[in-house]
Amino acid sequence: MLEILNYTFFQNALLAAVLVSIACGAMGVLIMINRLFSMAGGITHAAFGGIGIAFYFSLPVLLSTGIWTLFLAFLIAFLSQRYQNRSDNFIAVIWAFGMAVGVILIDLSPGYQSDLMAYLFGSILAVSSQDLWLMLGVDAFLITLLTLFYRQFEILSFDSEFAKSKGINANFFYYLLIAMMAFCIVISIRLVGLILVMALLSIPSFIAENFAKRLGAMMAISVLLSTIFCLGGLLVSYFFNLSSGACIILLACVGFALSVALRFFR
């Protein structure tokens, strides 16, 4: 078993699993508490347009997808704030728009895109050294912001009205949270793919909520669970020659079922 650690692609995959787990574990808790999963789902699927742009114009995939995703994330956030009663409508429209742009541009791209499935469902073979540096940069960015503004995010997440009374710029931190969420989604694409990102964001945070009530504790447990699911799923995908993203999420679903059963019997 230890001989697989000699392969560069598997070393990259293991590092990517840890880096993505840190981002998704921490951000998943914030997304859950702020009830932003619907928005996160729309942003995730709309990000497919960035992949189409990258293929069509021969651009770096994660860089192109990152810029595209950040733009659409801010657009969804702005429209959701301005038209709160119709936020789901705007999310659905932008979701469909991003997917349509991606499909059309990929159809127009010359040649067969053999690695497209890696962006949809993840692949341990797809993680490159450049991707690792990007993941590390995003993790550093997220950790720095969460460390500097932990108190602000905590107050905003549990009581936005109290935050405003304390002079916290709720609008600024709202858009900052949206940007952090967008970058987290982008770096997760290589490991689990666009289709399965939402599960990696939601399942560990939901399980963590059963064991902790403080924001910091929930984040720590969520990161630990994400790491376990990602590393375990990678090993299963390697030995059985299966999609890494699907194996990671299936393992997470098993963990979810166990946590629900434990909660029921308690």
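The model is predicted, so local features need pLDDT of at least 70 and side-chain atom pairs count only at pLDDT 80 or more, while totals for chains, interfaces and linings use all residues. Residues are numbered from 1 along each chain as its sequence is written, and side-chain values use heavy atoms, with hydrogens and water left out.

A nonpolar core is taken here as a set of buried Ala, Val, Leu, Ile, Met, Phe, Trp, Tyr and Cys residues joined through side-chain atoms within 4.5 Å. Buried stands for under 20% relative accessible area, exposed for over 50%, and partly exposed for values in between (1.4 Å probe, protein chains only). The largest such core holds 76 residues, and Met39, Met181 and Leu191 have the most contacts inside it. Its main contributor is helix H10 (residues 170–192), which gives 15 residues; helices (H or I, at least four residues) and strands (E, at least two) are DSSP runs, numbered from the N terminus. Apart from this core lies another, of twelve residues, including Ile51, Ala54, Ile106 and Leu116.

Leu191 deserves a look of its own. Leaving aside neighbours within four places in sequence, Leu191 is in contact (heavy atoms within 4.5 Å) with Ala13, Ala16, Ala17, Val20, Gly122, Ser123, Cys230, Leu234, Ser244, Gly245 and Ile248.

Turning to the loops, Arg35 sits between helix H1 (8–33) and helix H2 (37–46). Arg35 is not a glycine, yet has a positive phi of about 55 degrees, and at 73% relative accessibility Arg35 counts as exposed. Ser58, in the loop between helix H3 (48–57) and helix H4 (61–82), also has a positive phi of about 55 degrees without being a glycine. Ser58 is exposed, with a relative accessible area of 67%.
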